[in-house]
Amino acid sequence: MSAVEAKLAELGLTLPEVVPPLAAYQPAVQSGPYVYTAGQLPMVDGKLPVTGKVGLEVTPDEAKDLARTCALNALAAVKSVAGDLDRIARVVKVVGFVASATDFTGQPGVVNGASELLGEVLGDKGVHARSAVGVAVLPLDAPVEVEIQVELVP
């Protein structure tokens, strides 16, 4: 077990299976020392636990937890390409999309769920640049979607 997966276990988490693509793309690709994930939905066992807009059907706290799930799914996608999460030198960028009610402005707080998980699991290697964007709708009516970019050590 890698040190990163041991840290996940310490936090009571397990790395899920890679979420299969919903269309014509790969869950993650490597280019040089970087791995770029596709947008990861908060799928658990092949299903979305919650659907709808944040600020309407989904509370900000629920959405923050879903963003954590997205980040966990993104780590699984990274592992599928890198082979070992201990190869992560650092998380470079996180982009979070939040399906938002028209008056909801708390996207940064929602995407903190992903950022905080990466920090808990990777420590200083999890510190990253980030964007948190409100959108009208996401695939499958998901409340949140997260993509990450990581740099690998050789």
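**Reading a helix and a buried glutamate**

A: Start with the span of residues 5-148. Its end C-alpha atoms lie 18 Å apart, and the span is 31% helix and 22% strand. This is a predicted model.

Q: Which record lists residues 5-148, and under what name?

A: UniProt lists them, in an unreviewed entry, as "domain: Endoribonuclease L-PSP/chorismate mutase-like".

Q: Where does Glu5 lie, and is Glu5 buried or exposed?

A: Glu5 lies in helix H1, residues 3-10. For burial, look at relative accessibility; the cut-off for buried is under 20%. Glu5 has 19%, so Glu5 counts as buried.

Q: What does Glu5 touch?

A: Leave out residues up to four places away in sequence; Glu5 then touches Leu15, Lys79 and Leu85. With Lys79 there is also a side-chain polar contact, at 3.0 Å.

Q: How do I check the length of helix H3?

A: Count 1.5 Å a residue. H3 covers residues 107-122, 16 residues, so H3 should span 22 Å. Its end C-alpha atoms are 23 Å apart, which agrees.

Q: Where is the kink in H3 centred?

A: On Gly113; the kink is about 30°. Gly113 is also among the buried residues of H3.

Q: Which other residues of H3 are buried?

A: They include Val110, Val111, Ala114, Leu117, Leu118 and Val121.

Q: What do the buried residues of H3 pack against?

A: Helices and strands. The partners are H1, helix H2 (60-82), and strands E3 (88-99), E4 (129-135) and E5 (144-152).

Q: What follows H3?

A: Gly123, with a positive phi near 60°.

Terms used: Residues numbered from 1 in each chain as written. Predicted model: local features only at pLDDT ≥ 70, side-chain atom pairs only at ≥ 80, totals over all residues. Heavy atoms only, no water. Helix = DSSP H or I, 4+ residues; strand = E, 2+ residues; numbered from the N terminus. Buried < 20%, exposed > 50% of the residue type's maximum accessible area, 1.4 Å probe, protein only. Polar contact = N/O pair within 3.5 Å; in protein donor to acceptor, adjacent residues only side chain to side chain. Contact = heavy atoms within 4.5 Å. Expected span 1.5 Å × (residues − 1). Bend = angle between axes of the 7 residues up to and from the residue. UniProt positions renumbered as here; feature names shortened; annotations may be inferred.
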